[in-house]
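Here is a short briefing on one protein chain. Look over the sequence and the model first, then read on.

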Amino acid sequence: MDAMRLIVTSRRALAGSGDVPGTMTEVWQAQALAQAIGSRLAVFGPPELRGEALGLTELAGRGCGVLDTPVLAIEDLRAAQLTELGDARLALLCLGGLLGEVGIALVGIACAADDEGTYWQCMEAIDAADESRDRVLEMLRRLADRERAEPAEIPEREAG
């Protein structure tokens with residue numbers, strides 16, 4: 001499945017998660033998806049993105065690592081369904097939005113947390129989501145720089 005469909009599915013699932021365990025599962029899913037997208041960009045993406053993409057992979061992996069791993073069937077793991085990136089710029093724009101929503105959801109859980117363990121787990125996951133989003137924004141900046149540096153195509157004039 002392409003990255004855009006998976007990101008849209010993740011955003012909807014996060015928005016529709018009604019309880020703390022469901023939200024935490026969706027946060028984990030989003031971080032795993034960011035890790036998979038970063039990995040794919042590091043291998044197949046534009047050369048100028050590869051370093052930042054590796055950083056995204058590491059940071060998103062840390063985001064998964066600080067959360068309790070949900071019990072999911074393989075077919076329910078969205079990151080495992082990633083088969084293609086499609087338009088890297090569009091995928092990164094939407095992934096940045098998803099990571100922002102992850103941070104907001106985690107702030108809500110942290111503010112309402114009754115136990116210190118959940119609070120600190122959320123704080124670590126917020127930090128990882130924020131840093132992951134920073135990497136995404138840096139990759140978008142590099143793509144924009146590349147587009148500005150490429151010479152504009154000059155249309156061929158028809159001979160009359």
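At what angle do H4 and helix H5 pack, and how far apart are their axes? The angle is about 160°, and the axes of H4 and H5 lie 9 Å apart. Keep in mind that this is a predicted model. The chain has 5 helices and 0 strands.

**Overall build**
- Read from the N terminus, the order of elements is α-α-α-α-α.
- Along the principal axes, the C-alpha atoms fill a box of roughly 75 × 30 × 25 Å.
- The chain has 160 residues, and 41% of them are buried.
- Take the contacts between residues at least 6 apart in sequence: 81% of these join residues at least 24 apart.

**H4 against H5**
- Helix H5 covers residues 116-149.
- An angle over 145 degrees counts as roughly antiparallel, and H4 and H5 are therefore roughly antiparallel to each other.
- H4 and H5 cross in a left-handed sense.
- The contact of H4 with H5 holds 20 nonpolar, 5 polar and 3 charged residues.

**H2 against H4**
- Helix H2 spans residues 20-44, and helix H4 spans residues 88-112.
- H2 and H4 pack at about 150°, with axes 10 Å apart.
- That angle makes H2 roughly antiparallel to H4.
- The crossing of H2 past H4 is left-handed.
- On the H2 side, the contact residues include Val20, Met24, Val27, Ala30, Leu33, Ala34, Ile37 and Leu41.
- Thr23 and Gln31 of H2 also take part.
- On the H4 side, Ala88, Leu92, Leu95, Leu98, Leu99, Val102, Ala105, Leu106 and Ile109 meet H2.
- By class, the contact of H2 with H4 has 17 nonpolar residues, 2 polar and no charged.

**Aromatic pair**
- How many aromatic pairs does the count give? The count comes to 1 aromatic pair.
- The partners are Tyr119 and Trp120, with ring centres 5.0 Å apart.
- Their ring planes stand at 85°, so the pair of Tyr119 and Trp120 is edge-to-face. The cut-off for that class is over 60 degrees.
- Trp120 has a relative accessible area of 48% and is partly exposed. Exposed would need over 50%.

Note on methods
Residues are numbered from 1 along each chain as its sequence is written. This is a predicted model: local features need pLDDT of at least 70, side-chain atom pairs count only at pLDDT 80 or more; totals for chains, interfaces and linings use all residues. Side-chain values use heavy atoms; hydrogens and water are left out. Axes are lines fitted to C-alpha atoms, for helices over the stretch in contact, and angles run from 0 to 180 degrees between N-to-C directions. Helices (H or I, at least four residues) and strands (E, at least two) are DSSP runs, numbered from the N terminus. Angles under 35 degrees count as roughly parallel, over 145 as roughly antiparallel, 65 to 115 as roughly perpendicular and the rest as oblique. A crossing is left-handed if the near helix is turned anticlockwise from the far one by less than a right angle, and right-handed if clockwise. Contact means heavy atoms within 4.5 Å. Ala, Val, Leu, Ile, Met, Phe, Trp, Tyr, Cys and Pro count as nonpolar, Asp, Glu, Lys and Arg as charged, and the others, Gly among them, as polar. Rings of Phe, Tyr and Trp (its six-membered ring) pair if their centres lie within 6.5 Å; planes under 30 degrees apart count as stacked, over 60 as edge-to-face and the rest as tilted. Buried means under 20% relative accessible area, exposed over 50%, partly exposed in between (1.4 Å probe, protein chains only).
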